[in-house]
Amino acid sequence: MLRDLTFTLDREFRLDKNENPFELPPSPREEMRKLISGVDLNRYPDPYATKLRGKLSAKLNFPQERIVIGNGGDEILSMLFMAYVKPGDRVLTTYPCFSEYSRLCKIFGAEQHFLPLNFTDNEVTLDIEQLLDAISRVSPKLILLDNPHNPTGMFIDPARLIEAAKLSCCPFVLDEAYVEFASKSSLDVMNEEMPSNLCVLRTLSKAWGLAGLRVGYALCSQRIANDLLEIKSPFNVNVISQEIACTMLEYDEWMKSRVYSIRFLRDKFIEEVNEIESFYAYPSQGNFVLIRTELNKDYVSASLKERGIRVNMLELDIKDYTWMRVSIGKEDELNYVIQTFRSMVRQPNAEFVIA
């Protein structure tokens with residue numbers, strides 16, 4: 001199958017984890033090499049990541065004492081569950097949502113209540129009035145909303161979400177893991193003191209290209225920061241990750257240039273997917289794109305696998321489509337995906353399987 005593609009498979013195309021496809025430039029790599037050689041590995045890391053918090057505070061103009069550093073954003077999510085969720089408590093998320101939210105609900109014995117997103121032929125939306133109604137009806141102990149939204153790429157004006165947080169009685173987590181790829185952030189629109197129940201979650205894994213270091217951070221009200229710092233593991237982020245993160249934060253222009261490139265590639269990819277019969281790519285403000293197709297899921301999955309293309313095939317109970325989330329890779333990788341999609345349409349076979 002797919003023999004009409006003009007180049008052969010000589011590597012795997014990893015477009016399933018929303019990673020930054022660009023390697024770090026030589027200059028910070030050399031700085032990191034020197035830095036690592038000078039680290040005292042026999043000493044425990046700073047339990048409060050003071051230097052890193054100071055760097056983030058200066059960059060974001062946000063109080064250092066209200067920044068919490070985690071071993072990736074996932075650990076901060078775990079801290080939030082430990083601090084606020086008991087077995088049987090209700091947690092409100094959207095449907096669909098970031099898979100880690102559901103996993104943590106199972107681990108902590110919470111009841112996950114879903115607010116379905118609105119899917120039309122051309123876009124995905126969240127009705128703020130429906131959100132407020134769900135908050136009142138469900139009375140959750142924790143609210144988790146990612147913006148830009150994973151896996152749809154939908155983006156909501158953060159000012160509206162902040163107003164929704166003010167009307168909630170429980171901790172309201174605004175997960176901004178992909179915010180650098182969006183048009184604005186919660187900090188851009190916060191004209192007054194952060195609501196006491198708000199926690200903004202961010203990471204250095206995506207735009208900064210440091211997924212392997214596992215460094216996330218939360219920008220919190222003082223109350224939530226105190227709660228999280230009280231329960232976090234004392235040495236949760238290792239000394240090398242802390243030091244490299246501090247180094248990379250000095251390369252702000254590199255990050256912005258890579259983000260610009262990814263945005264350009266994303267928008268071009270969406271445009272080209274939408275020229276293919278039976279495929280549709282939704283608008284996105286993340287570094288990934290939600291795609292639906294009328295083709296059979298097993299056929300699509302097997303075809304991509306045969307060509308070495310790894311995407312996130314989604315189990316969505318939304319209309320009668322096959323759904324996938326494709327991370328934005330380099331230009332040649334995305335061209336390869338486009339050619340593969342086109343070939344699938346030219347050679348439809350609902351019973352296709354790999355021999």
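## Strands E7 and E8

Leu-144 has a bridge partner in strand E8: Val-173. The model is a predicted one. Strand E7 covers residues 142–146, and strand E8 covers residues 172–175. The two strands pair in the parallel sense. Their pairing runs over 4 bridges.

## The seven-stranded sheet

E7 and E8 belong to an open sheet of 7 strands. The strand order is E2-E10-E9-E8-E7-E3-E4. Pairing across the sheet is mixed. Strand E2 (67–70) and strand E4 (111–116) are the edge strands, and each pairs on one side only. From one strand to the next, the twist averages 25°.

## Helices on the sheet

Helix H2 spans residues 50–60 and packs on the sheet. H2 touches E2, strand E9 (198–203) and strand E10 (216–220). The direction of H2 makes about 125° with that of E2.

Helix H3, residues 72–84, also packs on the sheet. H3 touches E2, strand E3 (90–95), E7, E8, E9 and E10. Its direction makes about 115° with that of E2.

Helix H11 runs over residues 297–306. Its buried residues are Tyr-299, Val-300, Ala-302, Ser-303 and Leu-304.

Asn-296 caps the N-terminal end of H11. One of its side-chain oxygens lies 2.9 Å from the backbone nitrogen of Asp-298. Just after H11 comes Gly-308, with a positive phi of about 75°.

Key. Residues are numbered from 1 along each chain as its sequence is written. This is a predicted model: local features need pLDDT of at least 70, side-chain atom pairs count only at pLDDT 80 or more; totals for chains, interfaces and linings use all residues. Side-chain values use heavy atoms; hydrogens and water are left out. Buried means under 20% relative accessible area, exposed over 50%, partly exposed in between (1.4 Å probe, protein chains only). A polar contact is a pair of N or O atoms within 3.5 Å; within protein, one must be able to donate a hydrogen and the other to accept it, and residues adjacent in sequence count only if both atoms are side-chain atoms. Two strands pair if DSSP finds at least two bridges between them. Axes are lines fitted to C-alpha atoms, for helices over the stretch in contact, and angles run from 0 to 180 degrees between N-to-C directions. Contact means heavy atoms within 4.5 Å.
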